[in-house]
Amino acid sequence: MTPGRGSEPPPLVVNYHGQRLAGVDEVGRGPLVGAVVAAAVILDPARPIDGLTDSKALSARRREALDLEVRERALAFAVAEATAAEVDELNIYHATHLAMRRAIDALVPSAEYLLVDGNRLPGHHVPGQAVVKGDARHPAIAAASILAKVARDAQMAALDARHPDYGFARHKGYPTREHLAALERLGPLPEHRRSFGPVKRQLALF
């Protein structure tokens, strides 16, 4: 029988059995503003962390608690980004992979194998495998998704403090009705991604 749309993905087979496996994930491909943020995490098998799963399935409070646990217990972690200007220069696909490579490069100790959320590896020399829905299928990828999400949400909170009329603390830069209305009313900020359609259209008017 063919599995239904809601069926569980097949068990994840990892082609590596050492201690320095890094989970890699990103947050921020869809927003109209700010950086795309990536994280890489090498978990410590001797210090497991309960509750690691896709960051989107967690409350903000739980994400922040797990973020602290990962930072305390992981063998290594790193958070990196590609700026809005780099997104505009490279396109979001290549900027996402750049952020991932920067996070991987910042790991100490370095990774020997990568598990990357999604269907493509980011072009790093460290071998690995891409894992569709990986943040729900492997704790190291889940840990990376949590670190990236908490870091990017903090950036949006800081941007909201500087520009409260845009609502960044609520919509995190995604193209919600509130954000699009603010963009139309107030115009783009320097932090907006100029290559994204709604921003590009507003730039032509201001």
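What is the volume of the largest pocket? The largest pocket has a volume of about 260 Å³.

## Basis of the report

The structure is a predicted model, in which local features need pLDDT of at least 70 and side-chain atom pairs count only at pLDDT 80 or more, whereas totals for chains, interfaces and linings use all residues. Residues are numbered from 1 along each chain as its sequence is written, and side-chain values use heavy atoms, with hydrogens and water left out.

## The largest pocket

A pocket is an open set of points on a 1 Å grid over the protein atoms alone, where a 1.4 Å probe fits and protein lies on both sides within 12 Å along at least five of seven lines; lining residues have an atom within 4 Å of a point. Volume is the space filled by probe spheres set on the points, which are joined across faces, edges and corners.

The lining of the largest pocket comprises 18 residues, and those nearest its centre are Leu21, Leu43, Asp44, Pro45 and His138. Sorted by class, this lining has 11 nonpolar, four polar and three charged residues. Here Ala, Val, Leu, Ile, Met, Phe, Trp, Tyr, Cys and Pro count as nonpolar, Asp, Glu, Lys and Arg as charged, and the others, Gly among them, as polar.

## The second largest pocket

The second largest pocket has a volume of about 190 Å³. It is lined by 13 residues, with Glu26, Val27, Gly28, Lys56 and Tyr174 nearest its centre. Its lining divides into two nonpolar, four polar and seven charged residues.

Strand β1 and helix α4 (139-162) each supply at least two residues of this lining, and β1 gives the most, with three residues. Helices (H or I, at least four residues) and strands (E, at least two) are DSSP runs, numbered from the N terminus.

## Aromatic pairs

A search of the whole structure finds two aromatic pairs. Rings of Phe, Tyr and Trp (its six-membered ring) pair if their centres lie within 6.5 Å; planes under 30 degrees apart count as stacked, over 60 as edge-to-face and the rest as tilted. The ring centres of Tyr16 and Tyr113 are 5.4 Å apart and their planes lie at 0°, so this pair is stacked. The pair links distant parts of the chain, 97 residues apart: Tyr16 is in the segment before β1 (21-27), and Tyr113 is in strand β4 (residues 113-117).

Tyr16 is buried, with a relative accessible area of 15%, and Tyr113 is buried, with 7%. Buried means under 20% relative accessible area, exposed over 50%, and partly exposed in between (1.4 Å probe, protein chains only). The rings of Tyr166 and Phe168 are also stacked, because their centres are 5.3 Å apart and their planes are at 5°. Tyr166 counts as buried at 5% relative accessibility, and Phe168 counts as buried at 0%.
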